[in-house]
Amino acid sequence: MRYVIDKMTMSDVPRVIEIERLAYPSTWPPSAYRKELQDNRWAHYIVLRDKHILEERTAVPQEPEKPRKNRLFPLSLLPGRPAATVPAPDLASIIGFSGLWLMVDEAHVTTIATHPDVRRRGLGELLLVSLIDIAYTIGAKWVTLEVRVSNYTAQNLYRKYGFREAGLRHRYYSDNQEDALIMWTDEINSPNYKQKYLALKETLLQKLEAE
Ligand SMILES: CC(C)(COP(=O)(O)OP(=O)(O)OC[C@H]1O[C@@H](n2cnc3c(N)ncnc32)[C@H](O)[C@@H]1OP(=O)(O)O)[C@@H](O)C(=O)NCCC(=O)NCCS
């Protein structure tokens, strides 16, 4: 498959923040990621990479360019010019991220976002599936999250994976005082949930493999 999930590291954070700015009305300060990644042992953060972007950006040209006489330097290499800010290939290949905290036996999804250019391809779903897989691995029994009442896109994704509304947190979001829906899965180890989850995951992986 062309997509890979990696554990988020501190060096990924600048790209994560770039995507976060495109995805959310308000964002976390970079220090929040530092805390999450370095100090919070209950936190699990992942990034989604597109291997095609990585390959394209690191590809070695078949025939190296021959040196030319009087070749002009790129403007950005002239003294006094700032270097062009092209992200390193491994950073540019990040197209989404997500995370959760384990609280006793509950996995709390804290964030999930894909770059706007790659939406509706199953990649938000891949991030959610990866989080649910982590929830199984770390022994969570339920998965829960908060979502803006107006965020039907994300709610649809969560409903697809068996999340159900369990209440409201009034004026939860400080940027616009919007309410949050609280959503929970059933017990993820229940045969019913697991069967549906594995079937959805299989369908998704087949779709992404076929790309
Ligand atoms: C929510 C988000 C991660 C979905 O990412 P995505 O890559 O577009 O999602 P997918 O292509 O994997 O879609 C998965 C499911 O989400 C729902 N969905 C996605 N886009 C949708 C849309 N435009 N309208 C309605 N439902 C939509 C569908 O249920 C879809 O399943 P389907 O393909 O079987 O219909 C993405 O829109 C995003 O980053 N939004 C901004 C950040 C955000 O709101 N995060 C959630 C915070 S709680």
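Predicted model: local features only at pLDDT ≥ 70, side-chain atom pairs only at ≥ 80, totals over all residues.
## Confidence

Across the protein chain the mean pLDDT comes out at 89, with 87% of residues at 70 or more.

## Salt bridges

There are 13 salt bridges in the structure. Take R2 and E211: their closest N and O atoms sit 3.6 Å apart. R2 is in the segment before β1 and E211 in the segment after α7 (191–209), so this pair links parts that are 209 residues apart in sequence. R2 is partly exposed at 23% relative accessible area, and E211 is partly exposed too, at 48%.

D133 and K201 pair up at 2.8 Å, N to O. Here helix α5 (residues 123–137) supplies D133 and helix α7 supplies K201, so the bridge ties together parts 68 residues apart in sequence. D133 counts as partly exposed, at 25% relative accessibility.

Then there's R164 with D186, at 2.6 Å from N to O. R164 belongs to strand β6 (residues 164–173), while D186 is in the loop between β7 (178–184) and α7, so the parts they join are 22 residues apart in sequence. D186 is partly exposed, with 31% relative accessibility. As for shared partners, salt bridges join R2, D50 and E211 into one network.

## A buried aspartate

D12 is found in the loop between β1 (3–7) and α1 (13–23). Is D12 buried or exposed? D12 counts as buried because its relative accessibility is 3%, which is under the 20% cut-off. Leaving out residues up to four places away in sequence, D12 touches K7, V47, R49, L91 and I94.

Note on methods: Residues numbered from 1 in each chain as written. Heavy atoms only, no water. Helix = DSSP H or I, 4+ residues; strand = E, 2+ residues; numbered from the N terminus. Buried < 20%, exposed > 50% of the residue type's maximum accessible area, 1.4 Å probe, protein only. Contact = heavy atoms within 4.5 Å. pLDDT = per-residue confidence, 0-100. Salt bridge = Lys/Arg side-chain N within 4 Å of Asp/Glu carboxyl O.
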